[in-house]
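This report looks at the architecture of a model with more than one part, taking a sheet, its helices and a contact surface in turn. Please keep the structure in view while reading.

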Amino acid sequence: MKIREIKELLGSEPITCVDCLDEEVTYGFASDLMSDVLALSSSNHVLLITGLMNLQTIRTAEMKDIKFIVFVRGKVPDEGIIELARENGLCIICTKESMFWTCGVLFSNGLQGAKINK
Amino acid sequence: MIDKEILKLHYDIASGDYIKGGEASSNIKRALMQLGVDNDIIKRICVASYEAEINIVIHSLGGYMEMKIFEDRIELIASDIGPGISDIELAMTVGYSTATQGAREMGFGAGMGLPNIKTNCDELDIQSSEGGSTTITMKIYFNKVVS
C-alpha cells in the first residue's frame with residue numbers, strides 16, 4: 001500500500017517526509033507499548049500505528065528501521081518530535097480517528113498484519 | 001573468541017532522562033552503519049542496546065553504555081550504580097515489570113525489556129545484587145544467525 005493511499009484513507013497529510021507519497025508499506029503494527037514494537041520479528045516495510053506520542057516512539061522506530069508512523073486520536077507532535085523524525089527520515093501522519101478505526105480501514109484495504117514472534 | 005578490540009564507544013546515561021534516553025543507542029547505530037556492519041546485525045544490536053539503555057533510564061540511579069567491537073563480535077555493556085535487581089530470574093520473565101507510572105507513560109514497563117535483550121543476543125550475562133550495581137554484558141557474533 002502506497003503512503004498516498006494511506007493519506008487518502010485517513011484524510012491526513014504527512015507532517016514530515018512529504019515527498020514519500022509513492023513509497024510503500026506492506027505490514028501494519030499497532031501498539032502503545034514500545035517494547036512490543038522492539039519485539040517484532042521483522043520490521044521491514046512496516047507502518048507503525050500508535051497513540052503514544054513522544055521522543056521514545058521516534059527512537060523506537062529508528063532502532064527498528066521503521067520509516068512510517070501514524071499517530072492516532074488527534075495528537076499533534078511537538079517541534080522536538082518533528083525534528084527527530086526529520087533527522088531520521090521518518091514519515092509522520094496524524095489522524096483524528098481512533099486506533100481501532102485506523103487499523104480497520106487500513107487492514108480492509110490490504111495492509112497486512114506485521115509478523116510477530118509467537 | 002578473538003580479543004583484539006577494534007573500537008570502543010562510551011556513553012554516560014542519566015537516570016530518568018527520557019529526552020536523551022536512546023541517544024547512545026542512536027549513536028551506536030550510526031557508528032555501526034558507517035562501519036558497514038550487516039543490517040540485520042545492526043537491528044539486533046540496536047534493540048538490545050536501546051532496551052538496556054532505557055532500563056538504565058527507568059530503573060537505575062544512573063550508569064553508562066559501552067560498545068566494543070572485536071573482529072568476530074560486538075560486546076555491549078550496560079552498567080549502573082544501583083539499586084540492583086533482587087531476583088534476576090523473575091526480572092527475565094515476560095510481562096514482569098517494576099517500572100514506574102512515568103516509564104509506562106513513555107511506552108515502557110511492559111516487562112519485555114530483558115526478554116527482548118535475550119532474544120537479540122548470542123550471549124547474555126547479568127551481574128547484580130540487591131542494593132548494589134547491575135552490569136549486563138551482551139555479545140553478538142558476526143557469523144551467527146538468530147532464528
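The model is a predicted one, and in its chain A five strands form an open sheet with parallel pairing, in the order E4-E3-E2-E1-E5. The edges of this sheet are strand E4 (91-94) and strand E5 (112-113) of chain A, each of which pairs on one side only. Within the sheet, strand E3 (residues 68-71) of chain A pairs with E4(A) in the parallel sense, over four bridges, and one residue pairing in this region joins Phe71(A) to its bridge partner Cys94(A) in E4(A).

Helix H5 (residues 99-108) of chain A lies across strand E1 (27-30), strand E2 (46-50) and E3 of chain A, and it runs at about 165 degrees to E1(A). The table sets out the two placements.

| Helix of chain A | Strands of chain A | Angle |
|---|---|---|
| H5 (residues 99-108) | lies across E1, E2 and E3 | about 165 degrees to E1(A) |

**Chain B as a whole.** Chain B holds five helices and five strands, which follow one another from the N terminus as β-α-α-β-β-α-α-α-β-β. How does the radius of gyration of chain B stand against that of a compact globule? For 147 residues such a globule would have a radius of gyration near 15 Å, and because chain B has 15 Å, the two agree. Along the principal axes, the C-alpha atoms of chain B fill a box of roughly 40 × 30 × 25 Å, and 40% of the 147 residues in the chain are buried. Of the contacts in chain B between residues at least 6 apart in sequence, 63% join residues at least 24 apart.

**Where the chains meet.** In the contact between the chains, 19 residues of chain B meet 17 residues of chain A. On the side of chain B that touches chain A, helix H1 (23-34), helix H2 (39-59) and helix H5 (113-120) of chain B each supply at least two residues, and H2(B) gives the most, with five residues.

Terms used:
Residues numbered from 1 in each chain as written. Chains lettered and ligands numbered in written order. Predicted model: local features only at pLDDT ≥ 70, side-chain atom pairs only at ≥ 80, totals over all residues. Pairing = 2+ DSSP bridges. Contact = placed C-beta atoms within 7 Å. Axes fitted to C-alpha atoms, helices over the stretch in contact; angles between N-to-C directions. Rg over C-alpha atoms; globule rule 2.2 N^0.38 Å. Buried ≥ 20, exposed ≤ 12 C-beta atoms within 10 Å, placed from the backbone.
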